[in-house]
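I opened my notebook today to look up a few things, one at a time.

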Amino acid sequence: MNASGNGDAPRGDNWINAIAGRLSPTGENSFRDALRQFADQPEWCGDADLRTKITEQLRTLTNADASTLADCIPTSSRDQALEHALIAARRRHLSQHDAEDAAAENASAPKCLCLVGSDHGRSIVARMASGKPTLRGNEWPLLPGFAHAPAERFVDKIDSSTAVALVSPVDFSGVGQPLTAEWWARCRQRCDETGTQLIVDHGDTPAAGNGYFFAHEMVAGISADAVILSAGLVGDLPGGLLILSESLASHLDQTVHSSDLVGHLVSAALSTLIETDALATEADAFAIALAERIATRGCVRDLHACGHTVILELDVESQAWTEQSAAEQLHADVCSEHSVLFQPPLLMTAEQREILIDRIDAVLAGLEGTQESTEATSSAETESNPMEEPADEVQPDESPVDISLDADIDEAASAEDSDEELDDDEDDDDEAIEEDELDDTADEESAEEDETDDEVVGGDEDEEHETEQEETELENNELDEFESNEETEKL
C-alpha cells in the first residue's frame, strides 16, 4: 500500500498511496519476477500458450464456463482492447442482419451507445466513445456510429440498431455513484431482447472482492459479452486485457496481435490472486470502517462505494483536498471538482487499514479547521469594518477651467446677492415702519380705553364712598323711610 507511482504520485516511506490497488491487486510487487523472466528469454518469438493460460486462470477465479469466458487477449494498451471489442461486436451485428435489410432505405447503421460522462481512453476511438466533451477537441475528427445517453435514459435508448452498449461500473468523472443492481438487470435484459452486445469497461476498476472478480457480477450477478481490464493487472505500465464471450470470440481473428509482455504481467497478477485467495476478502470492510470514522465530518457530502473503490463527495474543492493531503503525506486521485477516489489493494492488514483511515480523517479535519479559520477571519473583518453607506463620489470635471470666467460669475453672483440683501433690508424697513405705526395707534387706543376705565372706576369708588357716608348719616340721624328710599334711588 506504500507503493508509489502512477503519474505524479509522491515517493517516500512515510507516504501512503490510497490508489495502490490500481498498481497491484494485493499491494505486493508481483511483477518483478515476471519482468525478469520476460527479459531473460533467449528468443522473443512469442508465447502461443499465453492466452490459453490466462483464460484458464480467469476461469478459476470467476468460476465462469467457456461460453461466458471463451478467450482472453492481452493488448499493448487499454485503448487497443476497446478497439478490438468494438470490431468484434459490429461484425457480429452485421452478421445478424441480411444484406438486403442493411441496404434498405430505413435501415440504420450499427451504433455504439455510451454513458454520458464516461472515460474510455485517449485514442481517437476511445475519445469518441467517451461521454466527456472535453476529450474531443476541434483537432479530433468525428467518427460516426457513437451515441451517448445518461444512465436514467440509457436502457431506453437501446434498440435493434445498437450493436454495442458500452458501460463503466463507476462514473469516475462525477461523484462516483455506482450503477445499481436494478439498472444492470434492466440493461442486460434489454441487450438480450435487441441482440446488443454488452461491453463493460473495467479499465479503472480493480478486482472487486467479496468472491467476485468483476464489479457487475458482484453488484447484480449478471454476465457481460466482453470485459476490458487494466487496473491492478499491469502495475503502472500501459496495457490491457480483453475478455471475450463465445458470442464475440468467433468474430475476431485468431491472428489478432497480442502483447506478450502484458500477458506475462497479467498472468503474474492472476497467479498472486489465486495463491492468496484475495477475492475472498470482504470488500465492504474498508468502506464501512471509513464511513464510521468520518460520519461527523461536515465537509463530506456523501460516500459512494463499489468494493474497494470508494469515492468521497466533498463540500470543498478538490484543490483544497490536494493541498491538505500533501501535508498529511497521503496520495489519492481527484475525480472531479468536488470528489476524490480511493482504491486500496484487496489484501490489507487491520493495522494498514487503520493507518489509511487515520490519514484520510486527518485531511478532513484539516479541511474543516481551514474552513473555520476562514469563517472566523471573515466574521472579524465584518465586525471591525461595519457596512457604511458609501458617500457620493464627486466625479472630477476633466475639461479646462476658465478662471476669469469663474471670477466674473462670482462677482455677478455677489452683486446679485447684495441687491437681494438691499431689497430685503428695504422691505424689512417698510414692514418695521408699518408695524411701528400700528403699534402707536394701538397704544393710543389702549390709553384712551385706560382713561375711560379709570373714570368709570373712580366714579364708582366716589359713589360708594358717598353712599357709605349717607348710610352712616341715615343711621345716625334716624332718617325716615322716605329719605332712605330717595337716597337709594340716587344710587
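**Entry 1: a threonine in a loop**

I began with threonine 281, which counts as buried because its relative accessibility is 19%. My cut-offs for relative accessible area are under 20% for buried, over 50% for exposed and partly exposed in between, with a 1.4 Å probe and protein chains only. A note for myself: this is a predicted model, in which local features need pLDDT of at least 70 and side-chain atom pairs count only at pLDDT 80 or more, while totals for chains, interfaces and linings use all residues. Residues are numbered from 1 along each chain as its sequence is written, and side-chain values use heavy atoms, with hydrogens and water left out.

Where does threonine 281 sit? I found threonine 281 in the loop between α10 and α11 (284-293). Helices here are DSSP runs of H or I with at least four residues, strands are runs of E with at least two, and the numbering starts at the N terminus. A polar atom of the threonine 281 side chain lies 2.7 Å from the backbone oxygen of alanine 278. I then left aside the neighbours within four places in sequence and found threonine 281 in contact (heavy atoms within 4.5 Å) with Gly209, Asn210, Leu346 and Leu347.

**Entry 2: helix α10**

Next I stepped back to α10, residues 260-276. This helix has 17 residues and reaches 24 Å from its first C-alpha to its last, close to the 24 Å expected at 1.5 Å a residue. The expected span is 1.5 Å times one less than the number of residues. At the start of α10, I saw a side-chain oxygen of serine 259 within 3.3 Å of the backbone nitrogen of valine 262. After the helix comes aspartate 277, with a positive phi near 50 degrees.

Which parts of the chain do the buried residues of α10 pack against? They pack against α1 (32-39), α2 (50-62), β2 (71-75) and β8 (240-244). Among the buried residues of α10 are Val262, Leu265, Val266 and Leu270.

**Entry 3: the cores**

I looked up nonpolar cores, meaning sets of buried Ala, Val, Leu, Ile, Met, Phe, Trp, Tyr and Cys residues joined through side-chain atoms within 4.5 Å. The largest has 45 residues, and those with the most contacts inside it are Leu58, Phe154, Trp183, Phe213, Ile243 and Leu270. α10 gives the most to this core, with seven residues. A second, separate core of 25 residues includes Leu86, Ala88, Ala89 and Ala249. Leu86, Ala88 and Ala89 are among the buried residues of α3.

**Entry 4: the rings**

How many aromatic pairs does a search of the whole structure find? It finds four. Rings of Phe, Tyr and Trp (its six-membered ring) pair if their centres lie within 6.5 Å; planes under 30 degrees apart are stacked, over 60 edge-to-face and the rest tilted. The rings of phenylalanine 154 and tryptophan 183 have centres 5.7 Å apart and planes at 40 degrees, so I noted the pair as tilted. Phenylalanine 154 is in helix α6 (residues 151-157) and tryptophan 183 in helix α7 (residues 181-194), 29 residues apart.

Tryptophan 183 and tryptophan 184 have ring centres 5.6 Å apart and planes at 85 degrees, so that pair is edge-to-face. Tryptophan 184 counts as buried because its relative accessibility is 1%.

Note on methods:
Polar contact = N/O pair within 3.5 Å; in protein donor to acceptor, adjacent residues only side chain to side chain.
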